[in-house]
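Here are a few notes to read beside the model on your screen. Take the points one at a time and find each residue as you go.

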Amino acid sequence: MIRKIIEIDQKKCNGCGLCASACHEGAIGMVSGKAFLLRDDYCDGLGDCLPACPTGAISFVEREAAAYDEAAVKARQALRSRNWPVQIKLAPVTAPYFDHANLLIAADCTAYAYGNSDESFRKTFLQNRVTLIGCPKLDAVDYSEKLTSIITDNDIQSVTVLRMEVPCCGGMEYSIKKALQASGKTIPLQVIVVGIDGTVITR
C-alpha cells in the first residue's frame, strides 16, 4: 500500500539516537552509529521522532510500505517492558520501560529476607513496577547521581524504596530522597522497611 511514512537522511543523521528514544513503537534503531527505520510496519506515520531530531534528518514521504501493525508493536512493547539489567550500577539512564513507570528501588537482601514465598514477593513488590536493585555497602557508591538522571530524564510516576532495617540500608533511602530533590520533580515516594526476621516493619 502507498502511505505516509518517515524517511531518514543518512547524510544529515549525526547518530545522537534521540529519534530512536522518541519512537515509542520501536520502528527506529541505531545501526553502526546511524538511525535507521528498521521496520515499516512499526511506523505509525505520526512522526513523534521528527521534532526530536536536532539536524532535520527525518521527513515524511509517501511510498509503498507495509501497513502499520499495532498488534505487533504492542507485542514488542510487552517484551521491552521487562527491564534488564536490574542493577542500579548497570542500568541505562533512559529506556522505554522507564516511560510512565512506577519505580521500585530495592536493596539486594530484601528478596532473600522477606519472610514469604518467592511468588508472594513478586506479587507484593515487583508486580507492575520497574525494579532496580543495589547494595550501598557492597557497591560502595552513592547512587543518587545515577538515580537523579533516571528520574530527571524519564516520566517516572512513583518511587518505592524497599530496604532492610539494618543501618547500611539507610544509604539506599538517602540516595533516592537526594535524587528526588535534585530532580526538582514532585513524585510520590513510599519507603518499605523489611526486618531481619522477614516481616514488613513499616510501609
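**Notes on the model**

1. Helices (H or I, at least four residues) and strands (E, at least two) are DSSP runs, numbered from the N terminus. Cys109 is partly exposed, with a relative accessible area of 44%; buried means under 20%, exposed over 50% and partly exposed in between, with a 1.4 Å probe and protein chains only. Look also for Val194: Cys109 and Val194 are 85 residues apart in sequence, and their C-alpha atoms are 9.4 Å apart in space.

2. A word on what you are looking at. This is a predicted model, in which local features need pLDDT of at least 70 and side-chain atom pairs count only at pLDDT 80 or more, while totals for chains, interfaces and linings use all residues. Residues are numbered from 1 along each chain as its sequence is written, and side-chain values use heavy atoms, with hydrogens and water left out.

3. Now the overall picture. The protein has seven helices and nine strands, and its C-alpha trace spans about 65 × 30 × 30 Å along the principal axes. Of its 203 residues, 40% are buried. Among contacts (heavy atoms within 4.5 Å) between residues at least 6 apart in sequence, 75% join residues at least 24 apart.

4. How many aromatic pairs are there? The count comes to four. Rings of Phe, Tyr and Trp (its six-membered ring) pair if their centres lie within 6.5 Å; planes under 30 degrees apart count as stacked, over 60 as edge-to-face and the rest as tilted. The ring centres of Tyr114 and Phe125 are 5.0 Å apart and the planes are at 75°, so this pair is edge-to-face. Tyr114 lies in the loop between helix H3 (110-113) and helix H4 (118-126) and Phe125 in helix H4, so the pair ties together parts that are eleven residues apart in sequence. Tyr114 is buried at 14% relative accessible area, and Phe125 is buried at 0%. Ring pairs link Tyr114, Phe121 and Phe125 into a cluster.

5. Next, look for a charge over a ring, where NZ of Lys or CZ of Arg is within 6 Å of the ring centre and within 35 degrees of the ring normal. Lys4 lies over the face of Phe60, 4.5 Å from the ring centre.

6. On a 1 Å grid over the protein atoms alone, a cavity is a set of points where a 1.4 Å probe fits but cannot get out, and a pocket is an open set with protein on both sides within 12 Å along at least five of seven lines; lining residues have an atom within 4 Å of a point. The second largest pocket holds about 400 Å³ of space. It is lined by 17 residues, and the closest to its centre are Val86, Phe121, Leu126, Thr131 and Ile133. H4 gives the largest share of this lining, five residues.

7. The largest cavity holds about 70 Å³, and among the residues that line it are Cys23, Cys43 and Cys49. The second largest cavity holds about 60 Å³. Of the 13 residues that line the second largest cavity, Cys13, Asn14, Cys16, Cys19 and Cys53 are the closest to its centre.

Methods: Points joined across faces, edges and corners; volume = space filled by probe spheres on them.
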